[in-house]
Amino acid sequence: MRVLQIVTFLALMVVFGQSIAQKKDLNILIIHVDDLGASDLGVYGSDFYETPNIDRLAAEGMLFTQSYAAAAICSPTRAALLTGKYPARLGITDWIRAKFQGYSTSGKEGEYEIFEDRSMKTPKIQGYLPLEEVTLPERLQSMDYSTLHVGKWHLGEEGFHPEDQGFDMNIGGNDLGQPPSYFDPYISSNPNPDYVIKNLPARQEGEFLTDREGSEIINFIQNQENKFFIHWAPYAVHTPIMGPEVLVKKYQNKLPGIQRNPTYAALIENLDQNVGKVISKLDQLGLRESTLIIFTSDNGGLVGNPDNPVTVNLGLRSFKGYPYEGGIRVPTIVSLPGQIPSGASSDIPIITMDWLPTILDFLETDFNVGDGQSLKSILLNQGQLPERDFFWHFPHYRGADVLPYSIIRSGNYKMIYYFDGEGVELFDLVSDPQEKENLANQLPFLVSEMKSKLERWWENTNSRLPVLKEN
């Protein structure tokens, strides 16, 4: 009997100890890479790029195979991550132009862009993330977190920068969508007084930008006594495609695969090195098991010049800016040793808006906010999510071949609806992951059902829609 009492007591102590461990302060690190494609990491099947540190992060946590960005372009996804809301609900459905590109905050509801050679008037976007939105860092500030933003912001000019949206510190975040250069002093070959990385003064000529970002984060962590939230949004791997010379030479001498750009490969490996340095510092300081790390991307990989592609989204159709899987599917890894199982993988579809409620759920506070769902039960292997539909909205023209569209994914089916009369495309993503066969004519009832769901979603989110020009 006494042995049973002792065993019971020890079991209760283990449970109590686990409860205390889970209640301790949780640090949060989001690594939100720019333009990283779904197959740009070794662990995701890259046939050229080397990413041992990020691959190790996946081995220590959970990898998602059907993770989606909220948009096929950057600003909408970044706004969605910080607010937990669909870009359509925010009115930020295209990338925000910087001041030096003629940026304006005039994109209010009811205003349209008109193109002489196009059949529709398209809505102007909300030109900044409104201060009225309650962001993730603002929520965490109210919970006594120290908050740091490092890298790309691209959600508005002065007055709408990270320090205006809940970050105690802002290193390098402004209205730019890309760096003028990756090498200190980060100045373009065609200098423009507005084309500079504000809040990131030069310090060492020739220092690579991602190295600088990693250094700033390590300095913050090792001097931080409070629980912290870090939003690391590397300018990498966006254009201009540049890399440290020693790494570029390494890949110039490596046998290429289908992916073959040596400079882009160097840019990725340098990012990987800095992810490794930051994680090593967390290990050294004994913070690794109390730091939730979320690694993801803001949209699919960029091809650019097809004769010399920046990257190739292996196994997926198309690339950044387009409504196909290559434009919206992204790599995503989540790690929290001791709680999230090591080496786990999930094929459950997820999307950018899920991160805000997931983080709040881990902090055991109200997480029923925004348009996403908490993934905590999936990450801790404690249950499943109810099936849900996903939506994307891009009511704009881009170049000659991107027409205004909305997307719905419902179950295994994905429908792209074109506003200008070009009809719809319907794909079965299980049997046809490369979206080669349009099933719209074969499944008209499904098309009608999914169109009805889209219409209800437009109404629910107050989506800004393009309209036909008057004759």
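What follows is a short talk through the overall fold, some strands and some salt bridges.

Mentor: Before we start, this is a predicted model, in which local features need pLDDT of at least 70 and side-chain atom pairs count only at pLDDT 80 or more, while totals for chains, interfaces and linings use all residues. Residues are numbered from 1 along each chain as its sequence is written, and side-chain values use heavy atoms, with hydrogens and water left out.

Trainee: Fine. How many helices and strands does the protein chain have?

Mentor: Helices (H or I, at least four residues) and strands (E, at least two) are DSSP runs, numbered from the N terminus. By that count the protein chain has 12 helices and 16 strands.

Trainee: And what does the radius of gyration tell me about the protein chain?

Mentor: You take it over C-alpha atoms and compare it with a globule rule, 2.2 Å times the number of residues to the power 0.38. For 471 residues, a compact globule would come out near 23 Å, and the protein chain has 23 Å, so the two agree. As for burial, 57% of the 471 residues count as buried (under 20% relative accessible area; exposed is over 50%, partly exposed in between, with a 1.4 Å probe and protein chains only).

Trainee: Let's zoom in. How many residues of strand β1 are buried?

Mentor: Start with the general idea: in a regular strand the side chains alternate between the two faces of the sheet. In β1, residues 27-33, seven of seven residues are buried. N27, L29, I31 and V33 point one way, I28, I30 and H32 point the other way, and all are buried.

Trainee: Which strands does β1 pair with?

Mentor: Strands of a sheet pair through backbone hydrogen bonds, either parallel or antiparallel. Here, two strands pair if DSSP finds at least two bridges between them. β1 runs parallel to β8 (residues 291-297), with seven bridges, and N27 has T291 as its bridge partner there. β1 also runs parallel to β7 (residues 228-233), with four bridges; in β7, I30 is partnered by H231.

Trainee: What about an antiparallel case: in what order do the strands of the open sheet come?

Mentor: The order is β3-β4-β16, three strands with antiparallel pairing. β3 (112-113) and β16 (467-468) are at the edges with a single partner strand each, so one side of each has no neighbour in the sheet. Two bridges join β3 to β4 (residues 120-123), and Y112 sits opposite P123 in β4.

Trainee: Now the charges. How many salt bridges does a search of the whole structure find?

Mentor: Side chains of opposite charge can pair when their charged atoms come close. The cut-off here is a side-chain nitrogen of Lys or Arg within 4 Å of a carboxyl oxygen of Asp or Glu. The search finds 23. One of them joins D34 and K152, at 2.8 Å from N to O. This pair links distant parts of the chain, 118 residues apart, with D34 in the loop between β1 and α2 (52-59) and K152 in the loop between β5 (146-151) and β6 (169-171).

Trainee: Are D34 and K152 buried or exposed?

Mentor: D34 has 0% relative accessibility, so D34 counts as buried. K152 is also at 0%, and therefore counts as buried.

Trainee: And where do E216 and R212 lie?

Mentor: Both are in helix α6 (residues 209-222), four residues apart, about one turn of the helix.
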